[in-house]
Amino acid sequence: MMQQVKHLINGEWQLGEGQPMIDVVNPANQNVLATQTAASDLQLERAVAAAELAFLQWREVPAPERARLMLNFQHSLKLHHDELGELLAQDTGKTFADAKGDVWRGIEVVEQACGIASQMMGETLENAARGIDCYSYLQPLGVCAGITPFNFPAMIPLWMFPLATACGNSFILKPSEQDPLVPNRIAELFVECGAPKNLLQVLHGGPKQVDALLTHPDIKAVSFVGSAPVAEHIYHTGSQHNKRVQAFAGAKNHMVVMPDANASQVVNALVGASVGAAGQRCMAISVAVLVGDAKALIPQIQMEMKKVRPGVWNDPEAGYGPLISAASKQRVAGLIQQGIEEGAECLLDGRDFRIADITAADGNWLGPTLFANVTPEMAIYQQEIFGPVLLLMTADSLDDALTVINRNPFGNGCSIFTSSGAAARTFQREVTVGQVGINVPIPVPLPCFSFTGWKGSFFGDLHAYGKQAVRFYTETKTITSRWFDGDVAGAPNMTIQLK
Ligand code: NAD
């Protein structure tokens with residue numbers, strides 16, 4: 001019997017009653033892993049109603065008890081780390097190590113949620129006016145929703161629902177239709193760890209279900225991660241319906257290589273950061289800007305990239321896996337063709353790659369691709385490629401490199417490789433990008449900080465995890481308090497003479 005993807009509604013796993021959706025396939029061989037049907041309107045209404053009821057009960061549970069659920073959950077995710085990694089590798093094509101990394105980055109956010117009690121502490125000021133104390137609480141919002149992309153099916157749902165529920169909210173997750181198996185398994189573990197049965201709902205679907213969540217009057221906040229046009233739509237629609245929205249979008253991340261950088265560190269970092277995970281990371285480096293004599297590194301970069309080959313998830317030599325879908329491969333291959341036609345120099349063309357493993361002959365494989373002499377008006381520069389493609393540009397100075405990056409509409413991540421503290425400091429101050437690496441190619445912050453994309457890579461105010469997520473999933477209530485019994489209200493009215 002073919003597996004069918006189920007929805008978690010009011011604590012019960014049930015089949016979708018809406019329209020049929022795309023099959024869930026292993027992108028390394030096109031084997032169908034599961035079929036799926038979207039949630040019907042009625043199922044969505046039931047899920048929201050169940051989440052609303054869950055919120056009213058869950059908000060009464062003390063924060064340290066909510067944290068205990070997160071401690072159990074963190075332990076369970078660690079116990080199931082290999083199992084989740086293998087499932088994730090089947091569903092996305094990622095190598096096993098990369099798939100486990102996806103899960104691990106999510107576990108780290110659950111660890112943040114374990115300390116929720118101290119993170120939800122408000123502020124106090126005794127005697128803010130005579131006999132009057134002021135204090136503030138952070139209170140949960142209500143039902144929150146999260147819409148997630150295909151490329152991190154463990155980490156990104158885990159950016160959202162553990163912190164939202166630790167803050168006292170209930171949550172509705174709408175995972176990517178391309179790889180829903182891992183989010184479902186994670187939700188099962190959450191329930192097994194003792195989460196109240198209707199605290200987390202998992203609904204599957206596409207734009208119709210997302211729009212229903214965005215416009216639903218009982219949903220208070222929406223977290224989204226995905227492509228730029230959809231992020232903009234989510235932000236505008238959710239805001240128009242009076243919701244708090246955070247929408248993480250696409251990227252075009254640059255690495256500046258100064259002539260004084262350590263050559264082997266640059267080359268290793270560039271290769272891993274550009275083609276790792278088949279370039280399907282929102283923090284992947286897709287453009288290297290070689291300043292001055294750093295352009296002498298081009299042959300070395302080409303030689304090292306040529307050594308990387310994609311492969312199936314359990315091939316220990318594989319540098320990365322297939323693209324998520326045949327459509328994705330076709331889109332990236334089309335952009336490579338356009339790059340060639342627009343005059344970029346194609347030093348490596350990944351479209352020639354053929355996998356040796358015949359059981360994986362139908363996978364969405366693309367070898368590492370390298371372009372030199374890229375200019376800002378080319379389509380390969382203007383669009384997010386989201387494939388194993390690295391673009392090389394040159395600049396005469398750090399200022400020129402900064403101009404290129406700061407003109408780019410995206411601002412998710414960037415990095416500089418240099419041995420000059422002065423150059424690094426100028427870069428970190430002047431660059432209009434939210435996450436900056438100094439001799440670190442992919443500067444994804446740990447959850448004690450927040451994930452802070454800028455410009456067209458983010459719509460909203462408060463970012464993911466860290467302190468900002470606690471603020472996103474809570475509302476501040478400020479209390480001004482005065483009691484008339486006792487002596488306090490009659491305290492002497494001392495006047496201070498200010499000079
Ligand atoms: P996507 O935008 O196609 O899909 C994301 C989610 O939105 C899915 O759940 C999908 O069902 C839903 N969706 C798709 N079209 C919709 C529409 N028209 N209306 C409403 N909902 C819709 O993104 P993807 O291809 O799954 O993920 C890759 C993208 O995500 C890349 O652009 C990548 O840069 C971005 N991403 C960004 C970050 C970040 O932190 N900035 C992190 C990961 C991925």
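Visitor: Leaving aside its neighbours within four places in sequence, which residues is serine 40 in contact with?

Guide: Serine 40 is in contact with Glu17 and Gly18, where contact means heavy atoms within 4.5 Å. This is a predicted model, in which local features need pLDDT of at least 70, side-chain atom pairs count only at pLDDT 80 or more, and totals for chains, interfaces and linings use all residues. Residues are numbered from 1 along each chain as its sequence is written, and side-chain values use heavy atoms, with hydrogens and water left out.

Visitor: Where is serine 40 found?

Guide: Serine 40 sits in the loop between β4 (32-34) and α1 (41-58). Helices (H or I, at least four residues) and strands (E, at least two) are DSSP runs, numbered from the N terminus.

Visitor: Is serine 40 buried or exposed?

Guide: Serine 40 is buried, because its relative accessible area is 13%. Buried means under 20% relative accessible area, exposed over 50%, and partly exposed in between (1.4 Å probe, protein chains only).

Visitor: And what about asparagine 439, where does that lie?

Guide: Asparagine 439 lies in the loop between β19 (435-438) and β20 (454-455). With a relative accessibility of 34%, asparagine 439 counts as partly exposed. Not counting residues up to four places away in sequence, asparagine 439 touches Ile416, Phe417 and Thr418.

Visitor: What separates the C-alpha atoms of asparagine 439 and valine 266?

Guide: Those C-alpha atoms are separated by 8.2 Å, although the two residues are 173 residues apart along the chain.

Visitor: Changing topic to helices: at what angle do α6 and α7 pack?

Guide: Helix α6 (residues 155-166) and helix α7 (residues 181-192) pack at about 25°, with their axes 11 Å apart. That makes α6 roughly parallel to α7. Axes are lines fitted to C-alpha atoms, for helices over the stretch in contact, and angles run from 0 to 180 degrees between N-to-C directions. Angles under 35 degrees count as roughly parallel, over 145 as roughly antiparallel, 65 to 115 as roughly perpendicular and the rest as oblique.

Visitor: Which residues of α6 and α7 make the contact?

Guide: Pro157, Leu158, Phe161 and Thr165 of α6 make it with Pro183, Ile186 and Phe190 of α7. By class, this contact has 6 nonpolar, 1 polar and no charged residues. Ala, Val, Leu, Ile, Met, Phe, Trp, Tyr, Cys and Pro count as nonpolar, Asp, Glu, Lys and Arg as charged, and the others, Gly among them, as polar.

Visitor: How do α3 and α7 pack, then, at what angle?

Guide: The angle between α3 and α7 is about 155°, and their axes are 9 Å apart. That makes α3 roughly antiparallel to α7. Glu83, Leu84, Leu87, Leu88 and Asp91 in α3 meet Leu181, Val182, Arg185, Ile186 and Leu189 in α7. The residues of this contact divide into 7 nonpolar, no polar and 3 charged.

Visitor: What covers the buried residues of α4?

Guide: The cover includes α2 (63-79), α3 (81-92), α5 (116-119), α6 and α16 (466-472). Among the buried residues of α4 are Asp98, Asp102, Ile107 and Cys114.

Visitor: One last thing: where is phenylalanine 386, and what is its phi?

Guide: Phenylalanine 386 is in the loop between α13 (379-382) and β16 (389-395). Its phi is positive, about 55°, although phenylalanine 386 is not a glycine. Most residues other than glycine have a negative phi. At 17% relative accessibility, phenylalanine 386 counts as buried.
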